[in-house]
Amino acid sequence: MTVLNETYALSNDVAIPQLGLGTWFIPDDAAAQAVRDAVEIGYRNIDTAQAYGNEAGVGEGVRTASVPRDELFVSTKLAAEIKDYDDAVAAIDGSLEKLGLDTIDLMLIHSPQPWDDFRGGDYAEGNRLAWRAMEEAYEAGKLRSIGVSNFLQEDLDNLLEGANVVPHVNQLLVHAGNTPVDLLDYCESKGIVVEAYSPIAHGEILNNPEVTAMAEKYGVSVPQLCIRYTLQLGTVSLPKTANPDHMRSNAEVDFEISAEDMQALKELHDQDYGESSEFPVYSGK
């Protein structure tokens, strides 16, 4: 499972593991064990968020894991509703306290708009104020790197107008069937590493016949193909699971998708998220 040992270098030279554990939907009381299991298997990148309601459990898992804290890369996200400086300052400290950690390896603004107005109004000034709080926490050493999530090019451009630090990361919905090629290229041009959340399309891609046939060709599962795809795009892949068996199989992706098949997956459009369409990140609004 060599992918668990691979890292990318952020623009500030902080190393980020290429494969991480997403913890969305893992309850707080189950998060610590999920983190400990993942670390035991070899994961070193753990992703949470204020909105997930499990920072305390994730932090406990990190503090009680079988490897030292400095071998783990822990990310969290500033709640999407926070669009001012003072609230952002308080929330950053709140995450440090909930996680029970002295530093957070990566903190992101969870969305350019509050969830109840996703892809809606203009929050450019609020994002710049929140970003200033993140920059100050970064400069103070509370955060080792800072970034954004769900930011489109226009959102990034708005932020960069007043930024001292270019975001190190943009965490996006990226999977076979939904590959925002132009946005990926734009992030690369700015030195922004992209993290792919929901690389298995929240599970719905398991029913896609083209993807199933391609996975069979490589002798792998559909999730393994989808995770490998996001890695070959040059993104950090963040499949989410609390199941140790799935954690193991998600990391068994040391195979190569051909250039032809990568192109086919890039051109695939499958954005049926089933019941999950009620979430703004899947419906686009």
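The exercises below work through the sheet, the helix packing and a salt bridge of one predicted model.

Residues are numbered from 1 along each chain as its sequence is written. In this predicted model, local features need pLDDT of at least 70 and side-chain atom pairs count only at pLDDT 80 or more, while totals for chains, interfaces and linings use all residues, and side-chain values use heavy atoms, with hydrogens and water left out.

**Exercise 1. State the strand order of the open sheet and find its edge strands.**

Step 1. Helices (H or I, at least four residues) and strands (E, at least two) are DSSP runs, numbered from the N terminus. Two strands pair if DSSP finds at least two bridges between them.

Step 2. The open sheet has eight strands in the order β3-β4-β5-β6-β7-β8-β9-β10, and the pairing is parallel.

Step 3. β3 (21–22) and β10 (236–238) each pair on one side only, which makes them the edge strands.

Step 4. Inside the sheet, β8 (residues 169–173) and β9 (residues 193–197) run parallel and are joined by five bridges. N170 has V194 in β9 as its bridge partner.

**Exercise 2. Determine which strands helix α4 lies across.**

Step 1. Contact means heavy atoms within 4.5 Å. Axes are lines fitted to C-alpha atoms, for helices over the stretch in contact, and angles run from 0 to 180 degrees between N-to-C directions.

Step 2. Helix α4 (residues 124–139) lies across β5 (73–78), β6 (106–109) and β7 (146–149). With β7, α4 makes an angle of about 150°.

**Exercise 3. Classify the packing of α1 with α2 and of α3 with α4.**

Step 1. Angles under 35 degrees count as roughly parallel, over 145 as roughly antiparallel, 65 to 115 as roughly perpendicular and the rest as oblique.

Step 2. Helix α1 (residues 28–41) packs on helix α2 (residues 55–63) at about 30°, and their axes are 7 Å apart. The two helices are therefore roughly parallel. On the α1 side the contact is made by D28, A31, A32, V35 and R36, and on the α2 side by E55, A56, G57, V58, E60, G61 and V62.

Step 3. Helix α3 (residues 85–99) and α4 cross at roughly 40°, with axes that come within 7 Å. This pair is therefore oblique. Y85, A88, V89 and I92 of α3 make the contact with L129, A130, R132, A133, M134, E136 and A137 of α4.

**Exercise 4. Locate the salt bridge formed by E60.**

Step 1. A salt bridge is a side-chain nitrogen of Lys or Arg within 4 Å of a carboxyl oxygen of Asp or Glu. This rule gives 12 salt bridges.

Step 2. E60 forms one with R36, where the closest N and O atoms are 3.8 Å apart.

Step 3. E60 is in helix α2 and R36 in helix α1, 24 residues apart, and the pair links distant parts of the chain.
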